[in-house]
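Please look over the sequence and the structure shown here before reading on.

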Amino acid sequence: MIEREIAPAVADKVEFYRHSLGEAEKTAMGRVLDTLFLTTGDEVYSFEREFAEYLGVPDVVTVSSCTAALHLSLVGLGVGPGDEVITTAMTFIASATAVVHAGATPVLVDVEAETGNIDPARVEAAITPATKAIVAVHLYGTMVDVRALRDIADRHGLALIEDAAHCVEGVRDGYRPGQLGDVACFSFYATKTLTCGEGGAIAVRDPQLAERLRTIRLHGMSKNAADRYHGRYEHWDMVALGWKANLTNIQAAMLRPQLSKLEARRQRRDEISCMYDSTVDAIDDLSRPLVPGGVVPARHLYTVWIPGDRRDAVLSLLGARGIGTAVNYRAIHELTWMRENLDLRFPLPNAERIGAQTISLPLYDKLTDGEVARVDAVLRQAVEETR
Ligand SMILES: *Cc1c(COP(=O)(O)O)cnc(C)c1O
């Protein structure tokens, strides 16, 4: 009965995400297919230069995912067994699993109640003699206070890693991801604002670290296939224990035309976010994360907080009425493996509250004003019905 009522609404579903790739990206990929090198080569090197220029950082090393970017950055910065790495409980699991893969121990600290971002005061309170690094996540695209974290890292001799998977376009007090951290890690996963399906990159300031990362992203080999092809044959060596985490020319070609379109797309997401804001602010019991003054948010995700224990009921009403949603995120220490394997040192009430209340709404530049209005209407109704 109920299913039959729902069917017509689902027919014009508002997808949670739709990418914006088109002719420019198809042409660029086609160009690579007409050449000899499908794997890492000139397209990758060009994208690395262009992305470094876009970010205003000295160098970028591309990799196969943001997870690999985080893992290789930790290894490259000398983090390993016996070391502790402080990170947030309100993030995608990879921010913490990369620490485990590096052989180190993640120490989870709570987030700020207003923003959902890691709290610098709690980071400083969690430092022990074993602490080696901080992994800070620019949640939803709102940059954390990197200046405060840089100051803490410098005073305690720690490495600072920015998980900028949500934040290609963001700015805070005039600085951007990668400009103050030792590294910033990016994701080109299918739903990220700059995408090639799967991929990642590391913004690096130290040239020696960049060289180390280029070696360990490809087996620890001293030369890659393109280097070996150009010029007379010379033996390659294995100079480090590396991984297989390089990006291909096909992926890089897809990424290059997107750089010049990032800002216009961010502006459209900003416009949509402002429309959602008015709806959320007009409904009594809803709230949303704060964007602090001085921040230009990347607007990767739009999340709204449903109070009480009604989140899952609202989620299923939205889904049944054709609105695509996601949950970013349930607090990571509540997931089974993390619960069974991580020792928690601190209470994490803000992360738990956000994890229990949050819903992400559709947010991408292709979303029409009409679709935004539909999301608004269905959300209002769902909140009303679950009250
Ligand atoms: C998407 C995401 C990652 C992982 O990115 P992949 O490219 O899929 O490995 C890491 N951290 C955050 C915060 C993310 O949103």
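## Helix α15

In this predicted model, the buried residues of helix α15 are Glu371, Val372, Val375, Asp376, Val378, Leu379, Ala382 and Val383. These buried residues pack against three elements, namely α11 (262–282), α12 (311–320) and β11 (358–361).

The helix itself covers residues 369–385, and its length can be checked against what its 17 residues should give.

## Asparagine 246

Asparagine 246 sits in the loop that runs between α9 (225–229) and α10 (249–255). Is this residue buried or exposed? Its relative accessible area is 10%, and because buried means under 20%, asparagine 246 counts as buried.

The side chain of asparagine 246 takes part in polar contacts with two threonine side chains: one of 2.8 Å with threonine 40, and another of 3.4 Å with threonine 39. When residues up to four places away in sequence are set aside, asparagine 246 touches Thr39 and Thr40, and also Val63, Ser64, Arg217 and Leu218.

## The largest pocket

The largest pocket has a volume of about 610 Å³. It is lined by 32 residues, and those closest to its centre are Phe92, Tyr189, Lys192, Asn328 and Tyr329.

Which helix gives the most to the lining of this pocket? That helix is α4, with three residues, while α4 (66–76) and α5 (94–101) are both elements that supply at least two residues of the lining. By residue type, the lining of the largest pocket divides into 18 nonpolar, ten polar and four charged residues.

## The enclosed cavity

How many cavities of 30 Å³ or more does a search of the whole structure find? The search finds one, and the volume of the largest cavity is about 90 Å³.

The lining of the largest cavity is made up of 13 residues, and Tyr17, Ser20, Thr193, Arg265 and Asp365 are those that lie nearest its centre. Sorted by type, the residues lining this cavity comprise four nonpolar, five polar and four charged.

Methods: Residues numbered from 1 in each chain as written. Predicted model: local features only at pLDDT ≥ 70, side-chain atom pairs only at ≥ 80, totals over all residues. Heavy atoms only, no water. Helix = DSSP H or I, 4+ residues; strand = E, 2+ residues; numbered from the N terminus. Buried < 20%, exposed > 50% of the residue type's maximum accessible area, 1.4 Å probe, protein only. Polar contact = N/O pair within 3.5 Å; in protein donor to acceptor, adjacent residues only side chain to side chain. Contact = heavy atoms within 4.5 Å. 1 Å grid on protein atoms, 1.4 Å probe; cavity = no way out; pocket = protein on both sides within 12 Å on 5 of 7 lines; lining within 4 Å. Points joined across faces, edges and corners; volume = space filled by probe spheres on them. Nonpolar A, V, L, I, M, F, W, Y, C, P; charged D, E, K, R; others polar. Expected span 1.5 Å × (residues − 1).
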